[in-house]
Amino acid sequence: MADEELEAIRQQRLAELQAKHGDSSNDQGGQQEAKQRESDMRNSILAQVLDQAARARLNNLALVKPEKAKAVENYLIQMARFGKLGGKISESGLIEILEKVSQQTEKKTTVTFNRRKVMDSDDEDED
């Protein structure tokens, strides 16, 4: 991705933030429009960063695990903003990123058995 594209995205984001903070009215239409613009901007950045196969995999992941897909999207956008991506990410590159995110957010399940000791009357009655 070219530095000019990143700079244009940064300028667009800065203008959106300034417009958002300059307008203090809590209009639902404006909030909805802002969410739509942010969503469009996210999609455009991801389209520039990911190839078609990786994009399809990320969309499939979003259907099953939306919070994980959002975390990966945020990670990719941050990398793009700081210029740490050297080109489009392939599907195998996305799989590696998904594995990293999975390791970071891995939930460890533990099962504990609480065995109750029951008074067994058979043992005491034997004469």
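Predicted model: local features only at pLDDT ≥ 70, side-chain atom pairs only at ≥ 80, totals over all residues.

Lys 68, Ala 69, Val 72, Glu 73, Leu 76, Ile 77, Met 79 and Ala 80 are buried.

Next, bring up the largest nonpolar core, a set of 22 residues. Leu 50, Leu 58, Val 72, Leu 76, Ile 89 and Leu 94 have the most contacts inside it. Helices α1 (3-22), α2 (28-49), α3 (52-64), α4 (66-81) and α5 (91-104) each put in at least two residues, with α4 giving the largest share, six. Now pick Leu 94: leaving aside residues up to four places away in sequence, its contacts are Leu 50, Ala 54, Arg 57, Leu 58, Val 72, Leu 76 and Ile 89.

On to the charged pairs; there are four salt bridges in total. Select Arg 42 and Glu 73, whose closest N and O atoms are 3.1 Å apart. Arg 42 is in α2 and Glu 73 in α4, so this bridge ties together parts 31 residues apart in sequence. Both residues are buried.

Then select Glu 91 and Arg 57, which form a salt bridge at 2.8 Å, N to O. This pair links α5 to α3, 34 residues apart. Glu 91 counts as partly exposed at 29% relative accessibility, and Arg 57 is partly exposed too, at 33%.

Last stop: Phe 113, where Arg 115 lies over the ring face, 6.0 Å from the ring centre.

How values were computed. Residues numbered from 1 in each chain as written. Heavy atoms only, no water. Core = buried A, V, L, I, M, F, W, Y, C linked by side-chain atoms within 4.5 Å. Buried < 20%, exposed > 50% of the residue type's maximum accessible area, 1.4 Å probe, protein only. Helix = DSSP H or I, 4+ residues; strand = E, 2+ residues; numbered from the N terminus. Contact = heavy atoms within 4.5 Å. Lys NZ or Arg CZ within 6 Å of the ring centre and 35° of its normal. Salt bridge = Lys/Arg side-chain N within 4 Å of Asp/Glu carboxyl O.
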